[in-house]
Amino acid sequence: CCVIGCKNTWNLGKEIKLYNLPKGKHAFHRNRRSLWLSAIDRTEWPEERQKNAVICGAHFISGRQSMDYTHPDFTPSVFVEDKENQL
């Protein structure tokens with residue numbers, strides 16, 4: 001997972017899904033990718049770095065991404081520092 005501080009990977013044997021950064025040339029997909037990069041503080045990443053980047057389900061409220069722009073899981077929003085700040 002490319003989220004700062006996250007150590008989840010595909011080989012941990014957990015039931016956590018990994019999601020590629022949104023791809024596509026349509027404005028919907030470009031906007032969604034921009035929102036994801038902003039949410040994970042990776043807006044300065046070059047395009048080459050973004051190609052294979054993944055975000056794990058742990059960063060979505062339901063554990064899964066949503067394609068519905070009105071749903072809270074349209075963008076990742078759960079981060080370790082958020083949980084630490086709540087304690």
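Glu48 is exposed, with 58% relative accessible area; exposed means over 50%, buried under 20%, and partly exposed in between (1.4 Å probe, protein chains only). The side chain of Glu48 meets that of Lys51 in a salt bridge, 3.6 Å from N to O. A salt bridge here is a side-chain nitrogen of Lys or Arg within 4 Å of a carboxyl oxygen of Asp or Glu. Lys51 is partly exposed, at 44%.

This is a predicted model, in which local features need pLDDT of at least 70, side-chain atom pairs count only at pLDDT 80 or more, and totals for chains, interfaces and linings use all residues. Residues are numbered from 1 along each chain as its sequence is written, and side-chain values use heavy atoms, without hydrogens and water.

The count comes to 2 salt bridges. Glu47 and Arg33 form one of them, at 3.4 Å from N to O. This pair links distant parts of the chain: Glu47 sits in helix H2 (residues 47–50) and Arg33 in helix H1 (residues 27–39), 14 residues apart. Helices (H or I, at least four residues) and strands (E, at least two) are DSSP runs, numbered from the N terminus. Glu47 is partly exposed at 48% relative accessibility. Arg33 is buried at 14%.

Now turn to the rings. A search of the whole structure finds 3 aromatic pairs. Rings of Phe, Tyr and Trp (its six-membered ring) pair if their centres lie within 6.5 Å; planes under 30 degrees apart are stacked, over 60 edge-to-face, and the rest tilted. Tyr19 and Phe60 have ring centres 5.7 Å apart and planes at 80°, so they pair edge-to-face. Tyr19 belongs to strand E1 (residues 18–20), while Phe60 lies in the loop between strand E2 (54–56) and helix H3 (80–86), 41 residues away. Tyr19 is buried at 9%. Phe60 is buried too, at 2%.

Leaving aside neighbours within four places in sequence, Ile40 is in contact (heavy atoms within 4.5 Å) with Cys2, Val3, Ile4, Ile55, Pro76 and Phe79.
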